[in-house]
Amino acid sequence: MGEKVVAGQFDLSDRQRYREKLQMCLTGLERLLREKRFDRPKNLMGVEIELNLAGSDGMPKMLNGQVLERIASRDFQTELAMFNLEVNIAPHRLGGRVFDRLAEELRTSLAYADRKAGEVDAGIVMIGILPTLDRDDLVSSNLSEADRYTLLNDQIVAARGEDFRLDIEGVEHLVCTSKSIVPEAACTSVQLHLQVTPARFADVWNAAQAASAAQIALGANSPFLFGHELWRESRPPLFLQSTDTRPPELQAQGVRPRTWFGERWISSAYDLFEENLRYFPALLPICDDEEPLEVVEAGGVPKLAELVLHNGTIYRWNRPVYGIADGVPHLRVENRVLPAGPTITDVIANAAFYYGLVRALAEEPRPVWTRLPFAAAEANFDAACRYGIDARFVWPRRGRYGGTGEVDAVTLVRDELLPLAAAGLDAWGVEAADRDLYLGVIEERCRRRVNGASWQAATFHRALEQGLSREAALAATTRRYAELMHVGEPVHTWPVGLPDPVPLG
């Protein structure tokens, strides 16, 4: 959402001026696209990972300010709540042994951060939703100490005009309310960036949308919230409901939520930015001094600050990003689908699968989005979130008869998507050793039907069978998860259950 957001109360003239500036930014973007002013292909990718802080008891620690002070690195920054951090890895060129290099960088960074967190009796846990979070942890007093979070919370609360209602029915049914957006902080994600040229943007975004269900099925890692077992990947419904500016009446009218899969395949990056302006009122109407059209007219590169800020308050699962590097504008697809964890090897395997699959799908002669209704892609995403690795999808049939059919997620990945991902990684120039190692992790998850969510749920139920209370079982599962996460072997190899009998109490 941008590093620095400083503002007081907004009045009507602020909102009117901001709407005018947004329209100017959109016109400026259209001109940049038309005049082909964007960066040439560089095959650049980037990774961001959101993290949790927890104590040796598995409970969340509200200490991100103290931990960041000790880490003292620009690679790490705050996230929404005091138990969150984010680590950003500098962009890498796709090719060669890029995934091994990424894995090594992440291991070094997270080991250092974990040591520094240890100085205040905390540790890093890389997981989609920390199972031990309680409703009392997710209150506005635990927002990170940064103006932009308080301001965003205030504006979303004001737009909604009433408490947020969380209602998620999965294995169990959770119903509760919140006075703030802080429950969204429970969602810790991996964001995969891919810089693309305007000409390729639509194909890559459409491919990423089609691929997102398989990503979730393979990578689900968020089965618990507030002591309830919900969906295998509970982040999407939680994110949607905890940032929902629409009271029930607007939901009934079909007004679109700010956390959004979308509703159509696109033909240009412009489509997404234009939709953002058309459908979503500004939450943070903060105007920059720049006159974007004057900058474009003079041959310069506009920041498009209002457009960038507005875009950052609309939570698409595949988000368009406008950026500037070395004085040249570029576009990125930001894939926000995956939960954090379980291990660095798993995160890198998920990334390798995504980058390979998106490349192959985007370059198919008969692209999947010409054969799959958008509503089916959205239904696949929903099924993957609910059922994880046991999901079933609607997918285009191979062969001359065409049409779509229902297929088990694991079968689809093993028979069709993994070979495509391998071909895509070859097209990026990734070395065979990296390709085979990390896609092999995905293949083993499929073979054993295991991912982070299934391991967490199985271990939790094993702990209940041993006689632990729900709270004790969740805490023990979290401690065991953190221990195995730091050992670093991929999740499909983890033994289910707790290593030793845990004392009751």
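In helix H6, the residues Arg235, Pro236, Pro237, Leu238, Phe239, Gln241 and Ser242 are buried. Buried means under 20% relative accessible area, exposed means over 50%, and partly exposed lies in between, with a 1.4 Å probe and protein chains only. Helices (H or I, at least four residues) and strands (E, at least two) are DSSP runs, numbered from the N terminus. H6 is mostly covered, since seven of its eight residues are buried.

Leu240 also lies in H6, which spans residues 235-242. Leu240 is partly exposed, with a relative accessible area of 28%. When its neighbours within four places in sequence are set aside, Leu240 is in contact with Arg246, Pro257 and Thr259; contact means heavy atoms within 4.5 Å. Leu240 and Ile129 stand 111 residues apart in sequence and 15 Å apart in space, C-alpha to C-alpha.

## Basis of the model

This is a predicted model, in which local features need pLDDT of at least 70 and side-chain atom pairs count only at pLDDT 80 or more, while totals for chains, interfaces and linings use all residues. Residues are numbered from 1 along each chain as its sequence is written, and side-chain values use heavy atoms, with hydrogens and water left out.

## The chain as a whole

The secondary structure of the chain comes to 16 helices and 15 strands. The radius of gyration is 22 Å, close to the 23 Å that the globule rule gives for 505 residues, so the chain is as compact as a globular protein of that length. This radius is taken over C-alpha atoms, and the globule rule is 2.2 Å times the number of residues to the power 0.38. Along the principal axes, the C-alpha atoms fill a box of roughly 70 × 60 × 45 Å.

Of the 505 residues in the chain, 58% are buried. Among contacts between residues at least 6 apart in sequence, 74% join residues at least 24 apart.

## Nonpolar cores

A nonpolar core is a set of buried Ala, Val, Leu, Ile, Met, Phe, Trp, Tyr and Cys residues joined through side-chain atoms within 4.5 Å. The largest such core has 157 residues, and those with the most contacts inside it are Ile49, Phe99, Phe353 and Tyr355. Helix H11 (residues 344-362) supplies the largest share of this core, 14 residues. A second, separate core of eight residues includes Ala463, Leu468, Leu474 and Ala476.

Which residues does Phe99 contact, leaving aside its neighbours within four places in sequence? They are Met45, Leu94, Ile348, Ala351, Ala352, Tyr355, Leu425, Val430, Asp434 and Tyr438.

## Backbone features in loops

Most residues other than glycine have a negative phi, and most peptide bonds are trans. Asp121, although not a glycine, has a positive phi of about 60°. Asp121 is placed in the loop between helix H3 (98-118) and strand E4 (123-125), and is exposed, with a relative accessible area of 58%. Arg449 likewise has a positive phi, near 50°. Arg449 lies in the loop between helix H14 (432-448) and helix H15 (452-465), and is partly exposed, with a relative accessible area of 35%.

A cis peptide bond joins Gly341 and Pro342, with omega at about -5°. Pro342 is found in the loop between strand E13 (328-339) and H11.
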